[in-house]
Amino acid sequence: MRLERKLQRLKATIAGCESAVAAFSGGVDSSLVCAVAHEVLGSRAVAVTALSPTYPPEELTTAKAVAERIGIGLLVVKTEEMNNPHFLKNPPDRCYHCKRELLEKLEKIRVELGFKNILDGTNRDDLADLRPGLRALREFRVISPLAVAGLTKEEVRRLASSYGLPNAEKPASPCLASRIPFGQEITAEKLKRIARGEGFLRSLGFRVVRVRDHETLARVEVGKEELPRAKELEERIRRGLKGLGYSSVEIDERGYREGGANL
């Protein structure tokens, strides 16, 4: 019953927007926002997905498939954070510069369509983490209906499952730049290498993967329950990642930790 009340508040928050452009990554959070927005606003809601080197190409493929499943209209915009020297320097507020670039594009679309609001998929749990991008949300007066409804990540997954969304259990996949330690320059070459490295790990059957890029060192994180298998395949993992240009490869024995990049 508690979750049902939160769902009703989610619907009411989105309905109160009257019309909206939704930032849509293809992840479970923004997918739920888009599903409910399409349900309560119909054609007065559109999803917008960014085409960016900071995300692997398969993320766009997933976003298109999920949007089609939902039935919501989808626009794809090319973001240009790689032309922003502040972003490339990779400061601790890197996410602010990236998020602001996206929201500038969404604001332009919102104005062109004559819509009233911008929505995003920030949930209640996100508010407790170190997320400089929240500053950009405030600057653009973005509405985060999941957070307004008090929905946690676990609750979002439960609701996404009830809506029949195919990505209800999809692991979180923040941008590839988050794999590069603060202060180390972000380059297109590094992003491509990280994407290829994580794609290689997924091809081995790992579900939760991170390749932390320390220039010549790749530090590999997999889900804690996947660690025993990673140790079994350690030599194969080392060979595969060294083939991408890393001089040394380490498997983090602590496994993947949410917010590990900030730590």
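**Sheet, cysteines and helix packing in a predicted model**

Modeller: Helix α9 crosses α11 in a right-handed sense. The model is predicted.

Colleague: At what angle do α9 and α11 pack, and what is their orientation class?

Modeller: The axes of α9 (residues 188–203) and α11 (residues 234–242) lie 10 Å apart. Their angle is about 150°. Angles over 145 degrees count as roughly antiparallel. So α9 is, relative to α11, roughly antiparallel.

Colleague: Which residues of α11 meet α9?

Modeller: On the α9 side the residues are Gly197, Phe200 and Leu201. Their counterparts in α11 are Arg236, Ile237, Gly240 and Leu241.

Colleague: Is α2 parallel or oblique to α8?

Modeller: Helix α2 (residues 28–41) packs on α8 (residues 153–162) with axes 9 Å apart. The angle is about 50°. Roughly parallel needs under 35 degrees, and roughly perpendicular starts at 65. So α2 is, relative to α8, oblique.

Colleague: Is the crossing of α2 and α8 left-handed or right-handed, and which residues make the contact?

Modeller: The crossing is left-handed. From α2 come Val28, Asp29 and Leu32. From α8 come Lys153, Val156, Arg157, Leu159 and Ala160.

Colleague: Which strands stand at the edges of the four-stranded sheet?

Modeller: The sheet is open, with parallel pairing and the order β3-β2-β1-β4. Each edge strand has a single partner, so one of its sides has no neighbour in the sheet. The edge strands are β3 (73–78) and β4 (117–119).

Colleague: By how much are neighbouring strands of this sheet turned against each other on average?

Modeller: This value ignores direction.

Colleague: Which residue in β3 is the bridge partner of alanine 50?

Modeller: Strand β2 (residues 45–51) runs parallel to β3, and six bridges join them. The partner of alanine 50 in β3 is valine 77.

Colleague: Which helix lies across β2 and β3?

Modeller: This helix covers residues 57–70. It runs at about 160° to β3. It is α3.

Colleague: How many disulfides does the structure hold?

Modeller: A disulfide needs sulfur atoms within 2.5 Å. For cysteine 17, the nearest cysteine sulfur is that of cysteine 34, 12 Å away. Cysteine 34 is in no disulfide either. The number of disulfides is zero.

Colleague: Are cysteine 17 and cysteine 34 buried or exposed?

Modeller: Buried means under 20% relative accessible area. Cysteine 17 has 1%, and cysteine 34 has 0%. So cysteine 17 is buried, and cysteine 34 is also buried.

Conventions. Residues are numbered from 1 along each chain as its sequence is written. This is a predicted model: local features need pLDDT of at least 70, side-chain atom pairs count only at pLDDT 80 or more; totals for chains, interfaces and linings use all residues. Side-chain values use heavy atoms; hydrogens and water are left out. Two strands pair if DSSP finds at least two bridges between them. Helices (H or I, at least four residues) and strands (E, at least two) are DSSP runs, numbered from the N terminus. Axes are lines fitted to C-alpha atoms, for helices over the stretch in contact, and angles run from 0 to 180 degrees between N-to-C directions. Contact means heavy atoms within 4.5 Å. Buried means under 20% relative accessible area, exposed over 50%, partly exposed in between (1.4 Å probe, protein chains only). Angles under 35 degrees count as roughly parallel, over 145 as roughly antiparallel, 65 to 115 as roughly perpendicular and the rest as oblique. A crossing is left-handed if the near helix is turned anticlockwise from the far one by less than a right angle, and right-handed if clockwise.
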